[in-house]
Protein chains: 2
Amino acid sequence: MPCMSLADLPTPSALLDVARLDRNIAAMQARARALGVRLRPHVKTTKCGPVVQRQLAAGAAGITVSTLKEAEAFFALGVADILYAVGIVPTKLPAVQALRERGCRLTVILDSIDAAEALVAHGRTHGHRFDVMIEIDTDGHRAGLAPDAPALPAVARTLVEGGAHLVGVMTHCGASYACRGTAELVAMAEQERARCVAAATALRAAGFACPEVSVGSTPTATFAQHLEGVTELRAGVYAFHDLVMRGLGVCITDDIALSVLTTVIGHQRDKGWVLVDAGWMAMSRDLGAGDCGYGLVCDEAGTPLPGLRVSAANQEHGIVTRDDGASDATLAAQLPVGTRLRVLPNHACATAAQFDRYAVLGRDGGVDTWGRFNGW
Amino acid sequence: MPCMSLADLPTPSALLDVARLDRNIAAMQARARALGVRLRPHVKTTKCGPVVQRQLAAGAAGITVSTLKEAEAFFALGVADILYAVGIVPTKLPAVQALRERGCRLTVILDSIDAAEALVAHGRTHGHRFDVMIEIDTDGHRAGLAPDAPALPAVARTLVEGGAHLVGVMTHCGASYACRGTAELVAMAEQERARCVAAATALRAAGFACPEVSVGSTPTATFAQHLEGVTELRAGVYAFHDLVMRGLGVCITDDIALSVLTTVIGHQRDKGWVLVDAGWMAMSRDLGAGDCGYGLVCDEAGTPLPGLRVSAANQEHGIVTRDDGASDATLAAQLPVGTRLRVLPNHACATAAQFDRYAVLGRDGGVDTWGRFNGW
């Protein structure tokens, strides 16, 4: 229930604009529908029950998580179809099994014969059949097997012969964050799709069922021209968007649903510095693409103040300056001590993680509180 | 009570080596004694009751905080002498006053006539006499008034005539983090001391009592040759130390009390990559001085593995490589899936803030849990 107003909020606070959130959720869901695939949002950005409930209400089919704590928290909220998208290791299998035995359809991923052997050995010892996807490397940026790797059918064989259930293949094209321009993003989305489908084709040719083909990142989900052969799209940061997404052309400033509310606490007039109480503890140390400092500055109502950024940060201090670095003696008069501002984040996943709750700005101007969680 | 062993801990976990912690606490306390000043530790690094209790037991006189939440939490634990070392703004004064009326000797800081006028106006309206220190700029890196600023006695006059209690002057020489070599650090420590003492001298010459002169940062506290005219030293990160402090020559590797326990989850053999489950969510995005990636790698027992670092990180993935970037096909065999490692952090304040508890390694090999808190 709305219980306070923007003016009552302490600073720093993480502000979430619910109208923008809902618009972002609807847009990605519409995109998945148009592409003919299910959407499985990655909840690592938001870690917030009400956000995920809105994604499911909009049509999402299950969720993706980055930690077992997320799986446990969202299963407790009634979400049963969960993909844990970080390579599984044996020490985490007891917790996975416990969740599954309570009714959670938790799928794990892996990308090596060693990990597959460890999983099937654990399953045999503990009388459990795990659901597993094989991670495919479609961009060279992190984990996964190449679509043509000889190990790919070998991993599938280890899983199937060892009694695990091979759900399919999945990939995350994180290299999309380094693309420049629409043409590169379109090409990267097609690369992600084509290579993941190729992996599924290779497995099927080797005699394995591979029902699911799961791809995605917010940039590739936004720029994919078609997703032939894919069954499922994953994306996370789209719910909030941020300056990195804006820099890629994935969103515009007006789509960014998360900001940090802050107060001016002082000045260094000679230098044109405005000190605020949002330092790196509030913004995170994430510098994004390196072109927006620690974030861009808006007034308290959310209207951008062009040419201002948080150009430096200590733990609980941010230094707002002109983005050209020029000293501006008028800033102190424009933004006196006590002025409240909003700062748009470089990377919503990192900034949101600095908070344990969101102050949610409703369409009626009321402010609600939605909890989020962190940790493992 | 120790209730588990290192082998039982989930990953990622924040490990705290209690023997190193106690040694670091004792060393800084001995330093303050030798310099003839009180030590007021900054608790923003650790935000942990048992750590602060150890600092007070070792002889610390009060604490420094970076948020009102820290003040409230540590006052609830019985710490009454607290300096809130971020410029105060009127919206935070009701919470300050409430703490003070409950018996907390909470001192605030400010550095402008505007802020002083707002504080005394609030005090008059609400019938409260605040304890205030004036922040001095001794290094140009952030907030504070220059020691010879005409505004300095004017702020003092505003406070005293307005009914506030002028406790003294304080400074934080954060520019010490950018020093290179002992000579620069010694000179920076002397600059911090001399300029803060000069500010106190200027106030006394203008007729104001200025009983307290508070200086400090871990580097300047470590390299100060003497602290004549200073009454109090502040430092925070010394309790844990980190790679930034090591890079400055403030500590050695063996002093770093905080590390992140992580598990190998996969490899990209061709590239010499070892994937671990400590990404930037565990390490933070803080790259320190830029020479250690996201952290240096030790074995599970804490012995450094020379030449290895976390060279890249995603939210829940770290990529361990040789620090020369060369591909090394032997790494996958040396560090198979399931291997547990410790990663030393660039910046302990930032890494610790990614966790809600420490797994505390006792001298007996047992593991205890100490809670910490985050947020505002």
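The numbered points below comment on a predicted model.

1. Confidence. The coordinates are predicted, and the model scores ipTM 0.96 and pTM 0.97. For chain A the mean pLDDT is 97, with 99% of its residues at 70 or more. Where pLDDT is low, the predicted coordinates should not be read in detail.

2. Relation of the two chains.

3. The contact between the chains. Chain B contributes 43 residues to the contact, and chain A contributes 43 residues. On the side of chain B that touches chain A, two or more residues come from each of α5 (113-126), β11 (258-268), α10 (280-283) and α12 (348-352) of chain B. Of the elements, β11(B) gives the most, with four residues. By residue class, this side of chain B divides into 19 nonpolar, 15 polar and nine charged. The copies meet through the same surface, because 100% of the interface residues of chain B are also interface residues in chain A.

4. Burial of strand β11 in chain A. How many of the residues of strand β11 (residues 258-268) of chain A are buried? The count is 11 of the 11 residues, so the strand is largely enclosed by the rest of the structure. A residue counts as buried here if 20 or more other C-beta atoms lie within 10 Å of its own. In a regular strand the side chains alternate between the two faces of the sheet.

5. The hairpin. β11(A) and β12(A) form a hairpin, with four residues between the strands. In its turn, A:Gly272 has a positive phi of about 75°.

6. Cis peptide bonds. Most residues other than glycine have a negative phi, and most peptide bonds are trans. The bond joining A:Thr11 and A:Pro12 is cis, with omega about -5°. A:Pro12 is placed in the loop between β1 (4-5) and β2 of chain A. In chain B, the peptide bond from B:Thr11 to B:Pro12 is cis, with omega near -5°, and B:Pro12 is in the loop between β1 (4-5) and β2 (13-17) of chain B.

7. A:Ser284 is not a glycine, yet has a positive phi of about 80°. The residue is found in the loop between α10 (280-283) and β13 (296-299) of chain A. Is A:Ser284 buried or exposed? A:Ser284 counts as buried because 29 C-beta neighbours lie inside 10 Å. In chain B, B:His241 is a residue other than glycine with a positive phi, near 55°. B:His241 is found in the loop between β10 (232-233) and α9 (243-248) of chain B. With 27 C-beta neighbours inside 10 Å, B:His241 also counts as buried.

8. Which residues of helix α4 (residues 93-101) of chain B are buried? They are B:Leu93, B:Val96 and B:Arg100. These cover an arc of only 60° around the axis, which puts them on the same side of α4(B). An α-helix has 3.6 residues a turn, so residues three or four places apart point the same way. On the other side of α4(B), B:Pro94 and B:Glu101 are exposed. The cover over the buried residues of α4(B) includes β6 (105-110) and α5 of chain B. Just after α4(B), B:Gly103 takes a positive phi of about 110°.

Key: Residues numbered from 1 in each chain as written. Chains lettered and ligands numbered in written order. Contact = placed C-beta atoms within 7 Å. Buried ≥ 20, exposed ≤ 12 C-beta atoms within 10 Å, placed from the backbone. Pairing = 2+ DSSP bridges. Nonpolar A, V, L, I, M, F, W, Y, C, P; charged D, E, K, R; others polar. pLDDT = per-residue confidence, 0-100. Arc of directions from axis to C-beta.
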